[in-house]
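Me: I am new to this structure. Could you walk me through how to read a few of its features?

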Amino acid sequence: MINEPGTTGGPAERPRVAVSSCLLGELVRYNGGHSRDRFLTDELSPYVDWVPVCPEVEAGLGAPRESMRLEESENGPRLLTRTSRVDLTDRVIALAERRAAELDVDGYVFKAKSPTCGIHGVPVYRPGGAPADRRNKGLFSAIVMERHPLLPVEDDGRLHDPLLRENFVERVFAHARLRALLGGDWRPRDLVAFHARHKMQLLAHDPRLYREAGRVVAGAGARPREEVAARYTEVFRSTLATKATTGKNVNVLQHCLGMLDLDPVRRADVVEVIDAYRAGLVPLSVPTTLLRHHARGEAAAWVRDQTYFSPYPDALRLRNHVPG
């Protein structure tokens with residue numbers, strides 16, 4: 001049986017994911033409503049522990065409340081209420097700094113386009129005029145992202161893109177597995193086993209950084225635990241932050257096929273399916289499912305146990321999109 005994420009890559013651990021509270025259906029928006037996202041609440045919720053955050057409410061504002069926007073100033077964007085012109089910049093910055101300092105999560109989903117929480121495309125207005133620049137982050141999210149540059153971050157709008165959704169969820173579950181491992185009484189051999197089980201997953205993202213992570217693991221017995229954990233975490237997260245590509249996935253699939261003892265007919269079938277994936281005719285779920293099917297018996301245990309084949313709960317069905 002293929003292990004679920006957690007048991008494959010280390011101790012079982014539910015990811016902790018921070019999220020803009022309105023996306024979970026909480027009535028905290030400026031108009032007293034919510035922006036419930038059904039992927040988050042209906043599909044992802046059974047597998048993660050949410051950490052809801054609403055900067056406006058935590059800053060002492062109610063719901064409903066006066067709407068806000070970012071405006072130009074000599075010292076950078078200021079967060080102002082639209083009608084009464086109350087400047088909330090310093091209050092929200094202080095909150096963001098405090099939240100960022102204590103943040104211990106495996107990912108963050110922000111509310112798109114929000115002047116506090118947007119991660120891209122947030123307009124900054126000229127005082128009393130039209131938008132001057134639409135390429136900004138929100139005041140709160142910008143600080144969180146700056147303090148945690150390798151944290152998986154998306155907004156609800158971008159999560160409608162199947163590729164971005166899969167990449168985000170994959171990273172979140174990988175971060176959780178590593179956190180579970182390093183949060184326990186691990187030994188160098190445990191890190192070696194963790195790295196080995198993640199080999200194909202890491203190679204699909206960045207082969208060079210995979211090798212760098214391997215060097216960290218190889219020297220784990222000769223360095224302080226805290227130093228090893230910090231360096232491996234940095235390289236592991238950096239590797240996954242590089243998006244996987246069709247070409248790198250094909251290389252991984254071919255490598256795994258080479259590890260299996262198949263007769264010529266079955267091997268030719270798998271090669272045909274991998275070629276179909278390369279050509280953009282079938283989603284990644286097709287060759288991975290076929291390889292998992294053939295990874296039976298003791299000789300195939302290494303392939304079977306790779307997190308690459310089940311990087312998150314299969315029920316999420318995130319690999320069913322055909323690559324562009």
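This is a predicted model: local features need pLDDT of at least 70, side-chain atom pairs count only at pLDDT 80 or more; totals for chains, interfaces and linings use all residues.

Me: At roughly what angle do the axes of α10 and α11 cross?

Reply: Helices are DSSP runs (H or I, at least four residues), numbered from the N terminus. Axes are lines fitted to C-alpha atoms, for helices over the stretch in contact, and angles run from 0 to 180 degrees between N-to-C directions. Here, α10 (residues 246–258) and α11 (residues 264–278) have axes that come within 10 Å and cross at roughly 175°. That makes the two helices roughly antiparallel (over 145 degrees; under 35 is roughly parallel, 65 to 115 roughly perpendicular, the rest oblique).

Me: Which residues make the contact?

Reply: Contact means heavy atoms within 4.5 Å. Among them are Leu253 and Leu257 of α10, and Val270 and Ile274 of α11.

Me: And how do α3 and α4 cross?

Reply: The axes of α3 (residues 89–102) and α4 (residues 139–147) come within 9 Å and cross at roughly 30°. α3 and α4 are therefore roughly parallel to each other.

Me: Which residues of α3 and α4 meet?

Reply: Val92, Ile93 and Ala96 are among those in α3, and Phe140, Ile143 and Val144 are among those in α4.

Conventions:
Residues are numbered from 1 along each chain as its sequence is written. Side-chain values use heavy atoms; hydrogens and water are left out.
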